[in-house]
Amino acid sequence: MTAEQILAFIQPEILVVVPVLIIIGMMLKKIEQVKDWTIPIALGVMGIIFAILILGFNKGFTGLVILNGVIQGILSAGMAVYVHQLKIQSTRKRKEA
């Protein structure tokens, strides 16, 4: 799945969460006590919380809005991690075998 395909599923008001999560992820990466494997989990939780809050304050905190917020939060966190990995993979020098 490409970045454009993922972005098609993320609601416009939630798109602001993606760069916020990228920045938070970079900050967490610099903290030595934070293990690398916990960063995507933390970003997922934060993405869900941010998305629920954004959608809830716009449309009211109904069950459907919360469920949609969970889905949007997971998608936005996935996009943030995807962008970060693209940056890593595109700048990493490959060793020739």
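A crossing of two helices is right-handed if the near helix is turned clockwise from the far one by less than a right angle, and left-handed if anticlockwise. H2 passes H4 in a right-handed crossing, and the crossing of H2 and H3 is right-handed. The model is predicted, with local features needing pLDDT of at least 70 and side-chain atom pairs counting only at pLDDT 80 or more, while totals for chains, interfaces and linings use all residues. Residues are numbered from 1 along each chain as its sequence is written, and side-chain values use heavy atoms, without hydrogens and water.

**H2 and H4**
- H2 and H4 pack with their axes (lines fitted to C-alpha atoms, for helices over the stretch in contact) 8 Å apart, at an angle of about 55° (angles run from 0 to 180 degrees between N-to-C directions).
- That angle makes H2 oblique to H4 (oblique is what remains after under 35 degrees, roughly parallel, over 145, roughly antiparallel, and 65 to 115, roughly perpendicular).
- In contact (heavy atoms within 4.5 Å), Val17, Val18, Leu21 and Ile22 of H2 meet Ser76, Ala77, Met79, Ala80 and Val83 of H4.
- The residues of this contact divide into 8 nonpolar, 1 polar and no charged (nonpolar: Ala, Val, Leu, Ile, Met, Phe, Trp, Tyr, Cys and Pro; charged: Asp, Glu, Lys and Arg; polar: the others, Gly among them).

**H2 and H3**
- The axes of H2 and H3 cross at roughly 145° and come within 10 Å.
- Residues of H2 including Val17, Leu21 and Lys29 meet residues of H3 including Ile39, Met46 and Phe50.
- The residues of the contact of H2 with H3 divide into 11 nonpolar, 2 polar and 1 charged.

Definitions and conventions
Helices (H or I, at least four residues) and strands (E, at least two) are DSSP runs, numbered from the N terminus.
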